[in-house]
Amino acid sequence: METCSRSIEYCHFEENSPFQCYHTSESAHILYQLSNRKKPCSSCVLCLVSVNCSRQKRHWKKSATVKAVFALCRIRNIGIMAHIDAGKTTTTERMLYYSGYIRTLGDVDDGDTVTDFMVQERERGITIQSAAVTFDWKDYRINLIDTPGHVDFTLEVERCLRVLDGAVAVFDASAGVEAQTLTVWRQADKHQIPRICFLNKMDKNRASFTYAVESIKQKLKTKPLLLQLPIGEAKTFRGLVDVVTKEQMIWKPTSDLDDGKFFEQKPLLETDDPSLFQEVQDARNTLIEQVADLDDEFAELILEEHSENFDLIPSNKLQSAIRRVTLAQKAVPVLCGSALKNKGVQPLLDAITMYLPAPHERSYEFLEWYNNDDLCALAFKVLHDKCRGPLVFIRIYSGSLKPQSAVYNINKSCTERMSRLLLPFADQQIEIPSLMPGNIALAVGLKQSATGDTLVSSKASAVAAARQAGRSAGGEQRNTSDIERLLLAGVEVPEPVFFCTIEPPSMAKQQDLDNALSCLQREDPSLKVKIDPDTGQTILCGMGELHIEIIHDRIKREYGIETYLGPLQVAYRETILNAAQATDVLDKVIGDKRHFVTTELEVRPVSGERMVTKPIIEYAESVIEVLPKELQEAIENGIMNSCVQGPLLGFPVQDIDVTVQSLTVHPDTSDTMISACISRCLQKALKKAGIQILEPLMSLEITVSEDHLSAALADLAQRRGSIQEIQSRQDNKVVIAAVPLAEMMGYSTVLRSLTSGSATFTLELASYQALNSQEQSALLQRRMGLV
Ligand SMILES: Nc1nc2c(ncn2[C@@H]2O[C@H](COP(=O)(O)OP(=O)(O)OP(=O)(O)O)[C@@H](O)[C@H]2O)c(=O)[nH]1
């Protein structure tokens, strides 16, 4: 080891490390990651930049030393995900405390945690926005994202999962797998994210390690690898045994401050507790067999060297095999603890560094399309800061980013300049001189970039990458799909299910409200804002009652506008009952040009398991043979526009097939006129086909004690609910039902009073179902103000 003479703080050099030291400014030096593509020179491994965190002095270390850049293999981009209230925020808070970034432990119930920093989060004790926190643990850089558990904020979870390399799924050990865990687990499957399970709340009365593990096996259909066994359960829970090393970890209060920082770690001996010793021995053998079944390299090692005695298998060999199995997503390590009682979080941090992947261990097909130095980054979240404007969270995959540099936004087709780069420490940010692949940071100064946008070095590099993408797909030519592939897998924004009007206190405030809504939309793509074409009113569309309530609250607190919300309404859909045809003629002279279109369209209902939100567009052979490409776009725009507002109640039209049977267009006709004619013709055809209103059907899961079960069921019967299953979960009953969303307004208050606050529920969109004719005419009358 030698020390770099030009470093401001200090900087170690190590032979053959893939880093090079650069001195870019007076105040800081950075390390440049060479990612095997450039020649290694004498290299920096660690670079420390001293940072002062002046805000939140009570909470934060006065001067936290933050390493500017880490070796790629020592970075972990990790998410914490779970069902609401499983303890994600509490666990994150402990991680920050043990890693030394906060001096006192915050508590969700006292509203003083670091990651739940929005006023609404602190008041309600829930996570709404995902918060990115960067901290270091034993020479590893952990970029951790605490995600919301409430279904109304599922999109927020999805958005974050895309930039993560690994995740910790937190469970309430007394409840096992709950509804929202299943949702986020499926999301993580979709993004192929290796995971670790943490069975939290082992101190709770009904906590059961065995029950929780069984429910992971059954409901998540995964293979749990038990890396720890609890010592005691519920009130007697006091520590863990590491199954791999057979070491016990016991947390004992050392002083008045029972913060769990210090714990006793020593080998578990047979004399300590013979039955626990045997249990651990058995668990280790089972673990070895499980891993050997899933990993050939480990199986070979056992067969060749240790088939006689598993005890002699070195822990590090077993750990490496567990790591390989976890990265390949063949199984999931399971750990346990109690974040609230400060037990088990340090071993969880060790497991994150040991078993979850570094950025370079994940494979991204799109990286092949970029040259080595070319920037490829994803904007995955936008926050609005009153002083600094929009702050864009960026995950960088290749190339590097520096303050004051220009980037090309592929989604927006524009070049933007960022002014500064910041490391996110919950609501505090620390300025950094550059950003290397695998890292997450905040960019200041990007005016256009929104959640989900792909950023590259320049337009030329986007075009070159598109060409490369086209070549690897086997095509010669660059086409739209190549460009689309360059956009790093878009987040699917679910359609909102609720809407209501929103009005400013006076017309003078309308502009301010519009600004606030556009900022909030850039942050949250699941929030939709529309203008009612008949009344001119602004309409707010969201994912649930809580979502709209939070938006309303934020407009008041963050933008100082007291708005009025109209009654919350359900976002229905329209579809057609039969096939029908319609014709239309548009003949208009504007200036010296004659716009002339005649068309005939046929609509047919599409049936199937899955709903088809966008219309399927087809052309009769006689049309497609002579149809120029430019006209096709105008036709499709007309069809899409028409489907946004159905002819009966103005709700989006779904599950339809539209065939263009004939089309005649005068040469001078503009595209707008073609779209208008097609749109009008389609409305006619839809009306003729008979409109069916569809309502959102929700999947409801209520966890309720046996005493209150009948009250909850009786209430459900009045809400047109159909009970699908009643399961037992420890001492509770879990009711799974399907209920129309229209019947669920204010449900949380009703359920609370029916069950004395003991029941919890989750509500998730399952499908859309047809209203019967009585319900449909009642709805029509209500909408027309007749009842
Ligand atoms: N008994 C017990 N309670 C815990 C534990 N961890 C968290 N809690 C409590 O569980 C509740 C929820 O904790 P949070 O950390 O906010 O859970 P969360 O998963 O972040 O919740 P959302 O962000 O709303 O999804 C709080 O009342 C915590 O005090 C634990 O280990 N044991």
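In this predicted model, Arg720 and Glu775 form a salt bridge, and their closest N and O atoms are 3.4 Å apart. The pair links distant parts of the chain, 55 residues apart: Arg720 sits in the loop between helix H17 (706-718) and strand S37 (722-729), while Glu775 belongs to helix H19 (residues 773-783). Both ends of this bridge can be described by their accessibility. Arg720 counts as partly exposed, at 33% relative accessibility, and Glu775 is also partly exposed, with a relative accessible area of 24%. Elsewhere, salt bridges with shared partners join Glu602, Arg604, Glu618 and Asp657 into one network.

A search of the whole structure gives 27 salt bridges. One of these connects Lys246 with Asp311, with 3.5 Å between the closest N and O atoms. Lys246 has a relative accessible area of 19% and is buried, because the limit for buried is under 20%. Asp311, with a relative accessible area of 37%, is partly exposed.

A further salt bridge lies within a single helix. The side chains of Arg554 and Glu558 meet at 2.8 Å, N to O. Both residues are in helix H13 (residues 545-559), and because they are 4 residues apart there, about one helical turn separates them. Arg554 is buried, with a relative accessible area of 8%, whereas Glu558 counts as partly exposed at 25% relative accessibility.

Strand S36 covers residues 691-705 and is mostly covered, with 14 of its 15 residues buried. S36 pairs with strand S31 (residues 573-576) in the antiparallel sense over 4 bridges; in this pairing, Ile693 of S36 stands opposite Glu574. S36 also pairs with strand S39 (residues 760-770), again in the antiparallel sense, over 10 bridges. Here Met698 has Leu765 in S39 as its bridge partner. Strand S38 (residues 732-740) is joined to S36 by 9 bridges, and the two run antiparallel. Thr703 stands opposite Val734 of S38.

Gln346 counts as buried because its relative accessibility is 5%, under the 20% limit. Leaving aside residues up to four places away in sequence, Gln346 touches Tyr98, Trp137, Trp251, Gly260, Lys261 and Phe263.

One region can also be compared with a database record. An unreviewed UniProt entry lists residues 277-304 as "coiled-coil region". In the model, this span is 96% helix and 0% strand, and its end C-alpha atoms lie 27 Å apart.

Methods. Residues numbered from 1 in each chain as written. Predicted model: local features only at pLDDT ≥ 70, side-chain atom pairs only at ≥ 80, totals over all residues. Heavy atoms only, no water. UniProt positions renumbered as here; feature names shortened; annotations may be inferred. Buried < 20%, exposed > 50% of the residue type's maximum accessible area, 1.4 Å probe, protein only. Contact = heavy atoms within 4.5 Å. Salt bridge = Lys/Arg side-chain N within 4 Å of Asp/Glu carboxyl O. Pairing = 2+ DSSP bridges.
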